[in-house]
Amino acid sequence: VQLAESGGGLVQAGGSLRLSCAASGSIFSVNAMYWYCQVPGKQRELVAGITGDSRVNYADSVKGRFTITRDGAKNTVFLQMNSLKPEDTAVYYCAADVRRTVVGPQYRYWGQGTQVTVSS
């Protein structure tokens, strides 16, 4: 199973970015999908999550600014990031809870990360 992220980059404060992440490979089903962020020296933190039936949750720091959505048919998750702040600067990782066979266990897979830099 591979998770391929795209959409990171450099943006000025107040700007927007849209991250995408597509899961591919030997997949029976994808349950919840997530976006995490990490800055050097700190633990990876949950930014947003979305369940298989599209229930969402957000970190308090991004509520009202970020929106997570998914395309279930394509096993893809998106993160629309608006009103970006310099403190949003981090590497953003996509994650997905994947079942590879109908009777197999569910594992969490991770993408390689994409850098988001917000300049002041």
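Analyst: Strands are DSSP runs of the E state with at least two residues, and they are numbered from the N terminus. The model discussed here is a predicted one.

User: In which strand is the place of Thr114?
Analyst: The element that holds Thr114 covers residues 114–119. By its number among the strands, this element is β11.

User: Is Thr114 buried or exposed, and at what relative accessibility?
Analyst: Residues under 20% relative accessible area count as buried. Thr114 falls under that limit and therefore counts as buried, its relative accessibility being 11%.

User: Which backbone nitrogen does the side chain of Thr114 reach?
Analyst: Leaving aside residues up to four places away in sequence, Thr114 touches Glu5, Gly8, Leu19, Ala90, Val91 and Tyr92. One of these also takes part in a polar contact, since such a contact needs N or O atoms within 3.5 Å. At 3.4 Å, the side chain of Thr114 reaches the backbone nitrogen of Gly8.

User: Which element gives the largest share of the largest nonpolar core?
Analyst: The largest nonpolar core has 28 residues, and those that touch the most other members are Trp35, Val47, Phe66, Val77, Leu79, Met81 and Tyr92. Two or more residues come from each of β3 (17–24), β4, β5, β7 (66–71), β8 (76–81), β9 and β11. The largest share is five residues, and the strand that gives them is β9.

User: How much space lies in the largest pocket?
Analyst: The lining of the largest pocket is made up of 19 residues, and Cys37, Glu45, Ser61, Glu87 and Asp88 lie nearest the centre. By class, nine of the lining residues are nonpolar, four are polar and six are charged. The space in this pocket is about 300 Å³.

User: Which strand gives the most to the lining of the largest pocket?
Analyst: At least two lining residues are supplied by each of β4 (29–38), β5 (45–50) and β9 (90–99). The strand that gives the most, with three residues, is β5.

User: Which backbone nitrogen does the side chain of Thr89 reach?
Analyst: Thr89 lies in the loop between β8 and β9, and a relative accessible area of 24% means that Thr89 is partly exposed. With residues up to four places away in sequence set aside, Thr89 touches Val39, Gln115, Val116, Thr117 and Val118. The side chain of Thr89 reaches the backbone oxygen of Pro86 at 2.9 Å. At 2.9 Å, this side chain also reaches a backbone nitrogen, that of Val118.

User: What distance separates the C-alpha atoms of Asp71 and Gln115?
Analyst: Asp71 lies in strand β7 and counts as partly exposed because the relative accessibility is 25%. The contacts of Asp71, not counting residues up to four places away in sequence, are with Thr76 and Phe78, and the side chain of Asp71 reaches the backbone nitrogen of Ala73 at 3.1 Å. Gln115 is 44 residues from Asp71 along the chain, and the C-alpha atoms of the two are separated by 23 Å.

User: Near what value is the phi of Asn75?
Analyst: Most residues other than glycine have a negative phi. Asn75 lies in the loop between β7 and β8 and is buried, with a relative accessible area of 18%. The phi of Asn75, a residue other than glycine, is positive, with a value near 50°.

User: Where is the place of Ser83?
Analyst: Ser83 is also a residue other than glycine with a positive phi, near 50°. With a relative accessible area of 41%, Ser83 is partly exposed. The place of Ser83 is in the loop between β8 and β9.

User: Is Val103 buried or exposed, and with what relative accessible area?
Analyst: Val103 lies in the loop between β9 and β10 (106–110). A residue over 50% relative accessible area is exposed, so Val103 is exposed, with a relative accessible area of 78%.

Conventions. Residues are numbered from 1 along each chain as its sequence is written. This is a predicted model: local features need pLDDT of at least 70, side-chain atom pairs count only at pLDDT 80 or more; totals for chains, interfaces and linings use all residues. Side-chain values use heavy atoms; hydrogens and water are left out. On a 1 Å grid over the protein atoms alone, a cavity is a set of points where a 1.4 Å probe fits but cannot get out, and a pocket is an open set with protein on both sides within 12 Å along at least five of seven lines; lining residues have an atom within 4 Å of a point. Grid points are joined across faces, edges and corners, and a volume is the space filled by probe spheres set on the points. Helices (H or I, at least four residues) and strands (E, at least two) are DSSP runs, numbered from the N terminus. Ala, Val, Leu, Ile, Met, Phe, Trp, Tyr, Cys and Pro count as nonpolar, Asp, Glu, Lys and Arg as charged, and the others, Gly among them, as polar. Buried means under 20% relative accessible area, exposed over 50%, partly exposed in between (1.4 Å probe, protein chains only). A polar contact is a pair of N or O atoms within 3.5 Å; within protein, one must be able to donate a hydrogen and the other to accept it, and residues adjacent in sequence count only if both atoms are side-chain atoms. Contact means heavy atoms within 4.5 Å. A nonpolar core is a set of buried Ala, Val, Leu, Ile, Met, Phe, Trp, Tyr and Cys residues joined through side-chain atoms within 4.5 Å.
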